Amino acid sequence: MIDIELLRQESRRDAVIARLAARGYGFDREAFLALEAERKQIQVDTQELQAARNAHAKRIGQAKAKSEDVRVLMAEAGGINERLDQLEQKLQDVQRRMHAFLADVPNPPHPSVPEGDRPEHNLELRRWGEPRKLEFPARDHVEIGEALGGLDFDAATKIAGARFVLMRGGVARLHRAIGQFMLDVHAVEHGYTEIYAPYLVNAAAAYGTGQLPKFEQDLFMVPRGEEKWYLIPTAEVPVTNIVRDEILPLESLPLRFVCHTPCFRSEAGSYGKDTRGMIRQHQFDKVELVRIEHPQKSYEALEELTGHAETILKRLELPYRVVALCTGDLGAAAAKTYDLEVWLPGQKAYREISSCSHFEAYQARRMRARFRNEKGKTELVHTLNGSGLAVGRTLVAILENFQNADGSVTIPAALRPYMNGAERITPA
C-alpha cells in the first residue's frame, strides 16, 4: 500500500501522482482530497468537543464543591459524550473508506524504471549465451514432448480441462529434477532457507501481498463456510506473509527464503493468448525466492537476487537476456522489476522465465511487517521476490534448446546427477 503521507504533503503529492500516471494509473485527486477534508473536519470537531467536555467537567467539579445543582451540567456533558461517540464512528467510517481507496493505488515506480506503456519500451540490459544453431527445423516443446511420450495434453484436458498438462516417464522425472536442482543451488550455495508452505491461504494473506482485492478474478477461490481460501498463485504469498504482523529484530535481517510449490492461476482475461503448450497454464510449478530486507540495502539485494536466478540459467546452459520492465509493464505492487527471458528455438523468441521484483514497503505496509531499526524505532521492512525459476518454463526451454534431430533430448550436465546419470531422453 502506498504511503499516505506522500499524498498528504502537497509538496510531494504532484510528483507521486506523476509517477503513477507514468504507469498508466489515473489517481483520483479530488476523491482523496475530499476524504482528507472529511477526516480533518471530524478531527477539528472532536477537538472542540473534547475541550467543551473538559470545561464542563471543571464546572461540574466546582458546582459540586459549592453544593450546587449539577443536573443541567451533567445532561449537557452527556450530550457532548454522545456527539463524541458519533464522531468516533464517523472517523472510523472515513478511515475504512480511505483504506479501501488506497488499497487500489499501485506502487509508484522507482525513478530508475524506464518510462513506457508497451513491452517494446522495456530496456534490455544484457544477454548471456548464444542461441544454438540447429541443423534441422526447430520443433516446439509440444511436438518434442508428445513425440517423447512425455507430455499429454489430451489426457489432462479430459481430467481437468484446458490449460493443464500430464507428464510421463523421463519428462516427468526431468521436471522433478529441475525443481530439486534449483532448490539445492539456492539453499546450499546462495544461503536461502528452504520453506515448505501451505498451498491454500486466507484472505488476509492474499491481501498482504497485493492479490486482493484488485486481482481476485485471477485467483482460484475455495469457499470454507463463511471464510474464503485461495489457491496460491505463487509461493510469494504464503512465504512473504511469514513476517505479517511481526516486528523483527534488526540483527535478523536480511531474511532469505526459497520455496518450491505448485502455482494456480485462473488466467482471467488471457483467453486466446499462449493457448498452445505449457507457457500459460492454470497449474504449474515454480521455485520462488523471497527476501525481507533493510530499506537501506534492498536495491542491492534486488541485483543479488536477480543474479541468483541467472545462475540457474547459466548452469543449465540456456541462453537468456535480462530486461528492465518499463513503467506501464510493472505489476501493481512492484516499484521495479527485472524479467529474465530465455531463448526458445521453437518460437524463435525470448520468453519470460523469471520476474525479479522490488516492492519497497508497499507489501510491508499492508502486512504491518516491521523491524526495529538502529535507533530502536519500528520501521517497515522492504520485500522482494523472484522466480528462481519457473519449473515448467525451464522444462520447455530445455526441451527446445537441447532437442536433437532423432527426436531425443539431451539432458543438461547439471541435471544428470538428478536423473541417475542419464544423458538423454529418447522417444518411448
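Two strands are said to pair if DSSP finds at least two bridges between them. The model is a predicted one.

**Exercise 1. Determine the strand order of the open sheet of eight strands, and identify the strands at its edges.**

Solution. 
Step 1. The edges are held by strand 1 (123-128) and strand 4 (193-195). Each has a single partner strand, so one side of each is left without a neighbour in the sheet.
Step 2. On average, and with direction ignored, neighbouring strands of this sheet are turned by 25° against each other.

**Exercise 2. Describe the surroundings of strand 9 and state how it pairs with strand 4 and strand 10.**

Solution. 
Step 1. A residue counts as buried under 20% relative accessible area. Eight of the 10 residues of strand 9 are buried, so this strand is largely enclosed by the rest of the structure.
Step 2. Strand 4 and strand 9 run parallel and are joined by three bridges; here Thr193 stands opposite Phe257 in strand 9.
Step 3. With strand 10, strand 9 pairs in the antiparallel sense over 10 bridges. In this pairing, Cys263 stands opposite Phe284 in strand 10.
Step 4. Elsewhere in the sheet, strand 13 (residues 349-358) and strand 16 (residues 382-390) pair in the antiparallel sense over three bridges. The bridge partner of Cys356 is Gly386 in strand 16.

**Exercise 3. Find the strands that helix 7 and helix 10 lie across.**

Solution. 
Step 1. Helix 7 lies across strand 4, strand 9 (255-264), strand 10 (283-293) and strand 16, and runs at about 10° to strand 10.
Step 2. Helix 10 (residues 298-315) lies across several strands, including strand 1, strand 11 (320-324) and strand 12 (336-344), and runs at about 5° to strand 16.
Step 3. Glu300 is placed in helix 10. Is Glu300 buried or exposed? The cut-off for exposed is over 50%; because its relative accessibility is 61%, Glu300 counts as exposed.
Step 4. Asp140 lies 160 residues away from Glu300 along the chain, and their C-alpha atoms are separated by 37 Å.

**Exercise 4. Classify the arrangement of helix 3 and helix 4.**

Solution. 
Step 1. The axes of helix 3 (residues 29-65) and helix 4 (residues 71-103) come within 9 Å and cross at roughly 160°.
Step 2. Angles over 145 degrees count as roughly antiparallel, so helix 3 is roughly antiparallel to helix 4.
Step 3. The crossing of these two helices is left-handed.

**Exercise 5. Describe the open sheet formed by three strands.**

Solution. 
Step 1. The strand order is 8-14-15, with mixed pairing.
Step 2. Strand 8 (247-248) and strand 15 (378-380) stand at the edges; each has a single partner strand, so one side of each lacks a neighbour in the sheet.
Step 3. Strand 8 and strand 14 (residues 370-372) run parallel, joined by two bridges, and Leu248 stands opposite Phe371 in strand 14.

Conventions: Residues are numbered from 1 along each chain as its sequence is written. This is a predicted model: local features need pLDDT of at least 70, side-chain atom pairs count only at pLDDT 80 or more; totals for chains, interfaces and linings use all residues. Side-chain values use heavy atoms; hydrogens and water are left out. Helices (H or I, at least four residues) and strands (E, at least two) are DSSP runs, numbered from the N terminus. Axes are lines fitted to C-alpha atoms, for helices over the stretch in contact, and angles run from 0 to 180 degrees between N-to-C directions. Contact means heavy atoms within 4.5 Å. Buried means under 20% relative accessible area, exposed over 50%, partly exposed in between (1.4 Å probe, protein chains only). Angles under 35 degrees count as roughly parallel, over 145 as roughly antiparallel, 65 to 115 as roughly perpendicular and the rest as oblique. A crossing is left-handed if the near helix is turned anticlockwise from the far one by less than a right angle, and right-handed if clockwise.
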